[in-house]
Amino acid sequence: MDKKYMRSRNRADINRVSARCLRVVVYFLLLYYAYLLVLKEYDIGILSVSFGIAAILALIPGFLVSLFKREGRPYMQHVILWCTVLISTIMITQLNYIGYPFILFPLLLASLYYNRTFVLYTSLLMSAGILGSAMFQIYFPKLCLDPQFTAFDGQFAEMIIPLIMIEVVMSFVAYYIVGRNSLMIDKYIDTAATMQENENYLIYAFSEISESKSKETGEHIRRVAEYMKVLGRASSFDAEYCEKLAAGAMMHDIGKLMIPEEILDKPSKLTDDEYQIMKNHVLYGEALLKDCPGEIMRIASILAKEHHERWDGKGYLGMKGKEIAYIARMIAVCDVFDALTTTRSYKKGWTVENAYEEIVKNSGTQFDPAVVRLFIANFDKFKEIHKKIPDKNIY
């Protein structure tokens, strides 16, 4: 997981928080609209249209985040900002003194993004909104509930300049706070990224020990991890979870550490007793990993236990269909495809085309048909990974 991705994920989290804040604003607008209706001092038509537009603007970010999952897009923070500035402009236009606290609302949201330039950009937009609000009251007084400005006179300057000054001063306060927070967040991200890189390195090193014990291939775990990323993305998992899947997949054969080498390396067919011992590596793997903390280890434990299960229930543990975890059904395809295409001490590797035919032929018996369909759709990516990460013999 690189630093750029972690910063992007952090922005996505902030976008979700900002969208929720704007949903809360909708409730406030509805309550205040009801309060103003009770007063019966305002034009109901203008009041309803103004608050209706403000409520729609407040719902747009939530709509994009909840339904279209756009929280990770770079433009989302600008959508949120513009909606917030427009809502604030409408409020100060229609409510005058009562709405003035709204001029600080965009700055509050902008300060969440630990970006000082974004804070100054917000201040500029809101200052333009304050000026635009006053001009709207002058040019379109009939569309305002209680216009405060009627001309560009002394009152205009006396009211607008202090408001803009307040906005500018508060933007510099926010600029300083955001600058300090940005340093702390960047330090946290750098530390988290380094820890993640170290964890992945240790996982790979630990997993490679189990592979090298067979003295055959040390690249099997790399390929299976990459295959899992492909199927994870095809299954619409987010990038973070796909990385965790790949890390967990590296440990799917960790239980082989407990299997004697004479069984692992036997060039001829295993006896029934030897086969039973070999099958136990899935239980050994689960036992090694199940009590380890963290989501990656939880994923690894599931994969270690269930990666030899079959859709028809004829696997190592007899689990069937959807009793098998979906991620285990994924790795079953990845693991078998790689095993078929890899040269071992007891066999020659198949071509990727023959392995493809074998996977497809066993759809609905050995493999989950849904996972096989994803495999078919992404077969070119599997071939590319197989070519990119060739075996290296370990002696």
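Entry 1: I began with the second largest cavity, whose lining residues divide into seven nonpolar, two polar and no charged (nonpolar: Ala, Val, Leu, Ile, Met, Phe, Trp, Tyr, Cys and Pro; charged: Asp, Glu, Lys and Arg; polar: the others, Gly among them). I note that the model is predicted, with pLDDT of at least 70 needed for local features and 80 or more for side-chain atom pairs, while totals for chains, interfaces and linings use all residues. Residues are numbered from 1 along each chain as its sequence is written, and side-chain values use heavy atoms, without hydrogens and water.

A cavity is a set of points, on a 1 Å grid over the protein atoms alone, where a 1.4 Å probe fits but cannot get out; lining residues have an atom within 4 Å of a point. Volume is the space filled by probe spheres set on the points, which are joined across faces, edges and corners.

I recorded about 40 Å³ for the second largest cavity. Its lining includes Gln77, Thr84, Pro106 and Tyr113. Two or more lining residues come from each of α3 (76-95) and α4 (105-110) (helices are DSSP runs of H or I, at least four residues, numbered from the N terminus). The largest share, four residues, belongs to α3.

I then turned to the largest cavity, of about 50 Å³. Among its lining residues are Tyr100, Ser133, Gln137 and Phe149. Here α5 (116-139) gives the largest share, four residues. I counted four cavities of 30 Å³ or more.

**Entry 2: salt bridges.** I took a salt bridge as a side-chain nitrogen of Lys or Arg within 4 Å of a carboxyl oxygen of Asp or Glu. The count is 16. For burial I used relative accessible area with a 1.4 Å probe and protein chains only: buried under 20%, exposed over 50%, partly exposed in between.

Arg222 and Glu219 pair at 3.4 Å, N to O. Arg222 is partly exposed because its relative accessibility is 36%, whereas Glu219, at 8%, is buried.

Asp253 and Lys256 pair at 3.5 Å, N to O. Asp253 is buried at 4%, and Lys256 is buried at 19%.

Asp380 and Lys383 have their closest N and O atoms 3.8 Å apart. About one helical turn separates Asp380 from Lys383, because they lie three residues apart in α16 (residues 379-388). Asp380 is exposed at 57%; Lys383 is partly exposed at 31%.

I also found Glu240, Lys244, Glu295 and Arg298 linked in a network of salt bridges.

**Entry 3: helix α12.** I noted Ile296, Met297 and Leu303 among the buried residues of α12.

Technical notes
1 Å grid on protein atoms, 1.4 Å probe; cavity = no way out; pocket = protein on both sides within 12 Å on 5 of 7 lines; lining within 4 Å.
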